[in-house]
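Thank you all for making the time.

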Amino acid sequence: MDHMSLQSTKDQISDTIINWAATRLDEIVFEPKDGFYSFNIVVDAYEKGAEELNKIKQSYRDKYFYNAKLSTVAVKDVFEILSSNNVTPNKLFINTSVDGTHILLVLDKSSYQGDEIIDIIYEKFADLQMRYFNEEKNIKIGLMCDSDKLDINALKEDGFGFGYDFINRKTFF
Amino acid sequence: MDLVLGMTLLIEKLFFNMGLDHGQHNKRVCDKLNLLTDVKCNDWIVTTAFYSAVHFFDHLLFDFKLNDDTTFKNLDEAHKHFRSQSKHQTRGILISRKHNALYKDYFFLQNECFNARYKNYDVHDNIAKKAIAKLERIIPICENKK
């Protein structure tokens with residue numbers, strides 16, 4: 001994928017992520033983590049009573065959507081790192097919740113063959129991760145080598161509700 | 001009084017070295033796995049490398065002085081302050097502040113360890129090799145804690 005294609009893909013992906021987040025059902029937005037609802041949801045509901053529940057729900061939807069939008073920020077930033085090193089991702093997975101967002105890029109095996117490229121990308125990803133923390137953006141980024149043994153179910157189980165295949169240009173879920 | 005002081009110093013020394021001991025234990029396991037020829041276990045090499053590094057880093061980091069008013073004795077205290085997505089991420093924040101050059105090695109090890117499960121533990125040979133190299137870079141710096 002050339003630089004121009006990567007740019008337009010990045011823009012399309014951002015729109016796709018936003019549309020996907022906007023259509024998440026309440027059950028997913030409020031989904032309990034590890035079998036337990038977020039402590040804050042429980043405390044808020046108890047303290048404010050049933051009539052305030054809709055306002056609480058809306059504030060959690062807003063938080064969820066805000067974190068989904070942060071995903072598009074991260075997608076833009078990681079794509080810039082990759083394109084400046086002539087690397088294109090094979091796949092992208094996103095795990096967004098009210099607590100934050102996690103972006104996972106899947107790179108082709110060829111990126112991992114030599115030493116230099118993957119070392120540079122990892123260094124830049126590490127710098128970006130620290131920058132997000134210092135800017136108080138609750139974004140976690142990661143990358144991994146593509147594999148014939150990619151386990152989509154494991155990703156889904158761990159909360160990655162959005163997945164995109166750049167080669168076949170389709171969403172996973 | 002001498003006995004009490006002696007016992008206190010002994011206990012402090014034991015705790016001081018526990019992180020190093022655990023780190024070295026995990027390193028030995030990592031080294032053994034790397035020598036295996038009849039079975040490939042790059043996933044376990046990366047995992048033991050990460051969990052070895054974790055203990056070496058915890059030895060390096062604590063007590064962590066954030067400022068004149070705040071010192072963290074352990075990761076739990078640090079995590080309550082920073083409230084990042086996970087304690088592993090909090091550790092990463094402390095590493096970047098104490099010894100920034102090592103943060104990218106920690107980031108690499110954590111990332112490859114945690115993401116192995118999404119590929120049915122199919123970890124590239126080059127990644128396992130890098131994991132060991134990064135651990136060997138981390139250890140002497142953490143052991144020589146100032």
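In chain B, where is confidence lowest, and where is it highest? What you see is a predicted model, and within chain B the lowest confidence falls in helix H1 of chain B, residues 2-35, with a mean of 77, whereas the highest belongs to helix H2 of chain B, residues 42-61, which stands at 96. Taken over its whole length, chain B averages a pLDDT of 89, and 88% of the residues score at least 70. For the complex, the predictor gives an ipTM of 0.83 together with a pTM of 0.84.

Let me move on to the interface. Here 35 residues of chain A are in contact with 25 residues of chain B. The size of an interface is often given as the accessible area lost when the parts come together. Between chain A and chain B, the buried area comes to about 2600 Å², and carbon and sulfur atoms give 55% of that. On the chain A side, A:Tyr122, A:Met130 and A:Phe133 supply 23% of the area that chain A buries against chain B, which is more than any other three residues.

Next, the polar side of the picture. Between the two chains there are 15 residue pairs in polar contact, counting pairs in which both residues have a pLDDT of 80 or more, and the number of salt bridges between chain A and chain B is three. One of them joins B:Arg117 to A:Glu157, with their closest N and O atoms 3.6 Å apart.

Which elements of chain A face chain B, each with at least two residues? They are strand E2 (100-107), helix H5 (110-113), helix H6 (116-134), strand E3 (139-145) and helix H7 (152-157) of chain A. Of the side of chain A that touches chain B, H6(A) gives the most, with ten residues. Sorted by class, that side of chain A has 17 nonpolar, nine polar and nine charged residues.

Is A:Ala126 buried or exposed? A:Ala126 counts as buried, because its relative accessibility is 1%, and buried here means under 20%. Within chain A, A:Ala126 and A:Ile141 are 15 residues apart along the chain, and their C-alpha atoms are separated by 8.6 Å.

Definitions and conventions
Residues are numbered from 1 along each chain as its sequence is written. Chains are lettered from A and ligands numbered from 1 in the order in which they are written. This is a predicted model: local features need pLDDT of at least 70, side-chain atom pairs count only at pLDDT 80 or more; totals for chains, interfaces and linings use all residues. Side-chain values use heavy atoms; hydrogens and water are left out. pLDDT is the predictor's confidence in each residue, from 0 to 100. Helices (H or I, at least four residues) and strands (E, at least two) are DSSP runs, numbered from the N terminus. Contact means heavy atoms within 4.5 Å. Buried area is the accessible area (1.4 Å probe) that two parts lose on being put together, summed over both. A salt bridge is a side-chain nitrogen of Lys or Arg within 4 Å of a carboxyl oxygen of Asp or Glu. A polar contact is a pair of N or O atoms within 3.5 Å; within protein, one must be able to donate a hydrogen and the other to accept it, and residues adjacent in sequence count only if both atoms are side-chain atoms. Ala, Val, Leu, Ile, Met, Phe, Trp, Tyr, Cys and Pro count as nonpolar, Asp, Glu, Lys and Arg as charged, and the others, Gly among them, as polar. Buried means under 20% relative accessible area, exposed over 50%, partly exposed in between (1.4 Å probe, protein chains only).
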